Amino acid sequence: MRSVKQRDAVSWDPSRQHRFVTGDGTALHVETSGPADSELTLVLVHGWTQDHRTWDGVVSRLGDSVRTLRYDLRGHGGSAPAKPGTATIATLADDLAELIGDRVPNGPIVLAGHSMGGMTIMELSRRHPDLVARRVAGVAFVATSSGEMDRITLGLPGIAGSGAARFERRLAKLLAKNRRDALPLPLSVVRPGARLLVFGRRPQRADVDSVAEQLLCAHPASVAGFQDAISRHDCRVTLAALQGKPVIVLAGERDRLCPPPHAKVIADELPEAEFVRYPGAGHMLPQERAQEVSDRIAALVRRAARV
């Protein structure tokens, strides 16, 4: 576990917003927006194969109501690839802790994580409990899971479901051997799979294209490593660290990757959490239900600010 140094109070400096280098030398792309004098900061963490653009619809609807920080996880978007052995959720949690220490050294924080981003927040509570206890004033878990991801069947029954899971693992092994910086595929090839796998009913074409474009920007070998890390993810017991904090759990009824029962496990472990299910929606709630998600997060921020 990398140590996180506590820094002296510093002002919010927009000139530093586009690049952060972690303790192991990995450069991360960072974006900030909102009022510089806000006492509370909303930190948004995206999911597997995506990048900070996952939150575009949410951030645009939040406007200037809250200061936000979002970034690309290592191996995704504009960030550097994951170094060998670092494509793990534990490493992502350490990256998040370092980023908070550098860019948001003071004041309360609300964390919102989509998919693997939510898993990163759970791992943060395990690896950096003091940080979570002192600084985190609220958490939004969006289409995510606390474990048993190795049993996912992509919403298919019986043999088809187990076959889909095996295919996913084989694909990850092939990607792990890929030495390219990005997948050499046209958008037209990736779009149908993205539409089928991660969206619910009647998605917008622009949202499907955005998800596919983000996937094509991700580093293939890093993506493969994180797929294995997701299958090993088990943070149900660490959720207890969030007891007493404002928490919302959002799930799409047609989510094939992190189905509603996985969200229900999180809500059961945090009985005071607000649990919301969206009929017809799939995995990409920040796009499919951007207004509803932004409304829930804005309400969470307001609640956290009063705590």
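In the predicted model, His233 is buried, its relative accessible area being 5%, a value that falls under the 20% cut-off for burial. The residue belongs to the loop that runs between α8 (220-232) and β8 (247-252). When residues up to four places away in sequence are not counted, His233 touches Ile89, Met119 and Met122, together with the run Ser145, Ser146, Gly147 and Glu148.

Beyond its neighbours within four places in sequence, Val66 is in contact with Ser33, Gly34, Pro35, Leu40, Leu42 and Val301. The C-alpha atom of Val66 is separated by 9.1 Å from that of Ala36, a residue 30 places away along the chain.

In soluble globular proteins, nonpolar side chains tend to be buried together. In the present model, the largest nonpolar core comprises 46 residues, among which Tyr71 and Phe141 touch the most other members. The greatest contribution to this core comes from helix α2 (residues 89-103), which supplies seven residues. As for Tyr71, its contacts, with residues up to four places away in sequence left out, are formed with Leu28, His29 and Val30, with Leu44, Val45 and His46, and with His52, Leu96 and Leu99.

Rolling a probe the size of a water molecule over the atoms shows where empty space is left. A search of the whole structure finds one cavity of 30 Å³ or more, and the space within the largest cavity amounts to about 40 Å³. The lining of the largest cavity is made up of Leu242, Gln243, Gly244, Lys245 and Val247, along with Leu270, Glu272 and Ala273. By residue class, this lining divides into four nonpolar, two polar and two charged residues.

With regard to the confidence of the prediction, the protein chain has a mean pLDDT of 88, and 84% of its residues reach 70 or more. Over residues 4-16, however, the pLDDT is below 50, although this stretch has 19 contacts in the model beyond near neighbours in sequence.

Note on methods:
Residues are numbered from 1 along each chain as its sequence is written. This is a predicted model: local features need pLDDT of at least 70, side-chain atom pairs count only at pLDDT 80 or more; totals for chains, interfaces and linings use all residues. Side-chain values use heavy atoms; hydrogens and water are left out. Contact means heavy atoms within 4.5 Å. On a 1 Å grid over the protein atoms alone, a cavity is a set of points where a 1.4 Å probe fits but cannot get out, and a pocket is an open set with protein on both sides within 12 Å along at least five of seven lines; lining residues have an atom within 4 Å of a point. Grid points are joined across faces, edges and corners, and a volume is the space filled by probe spheres set on the points. Ala, Val, Leu, Ile, Met, Phe, Trp, Tyr, Cys and Pro count as nonpolar, Asp, Glu, Lys and Arg as charged, and the others, Gly among them, as polar. A nonpolar core is a set of buried Ala, Val, Leu, Ile, Met, Phe, Trp, Tyr and Cys residues joined through side-chain atoms within 4.5 Å. Buried means under 20% relative accessible area, exposed over 50%, partly exposed in between (1.4 Å probe, protein chains only). Helices (H or I, at least four residues) and strands (E, at least two) are DSSP runs, numbered from the N terminus. pLDDT is the predictor's confidence in each residue, from 0 to 100.
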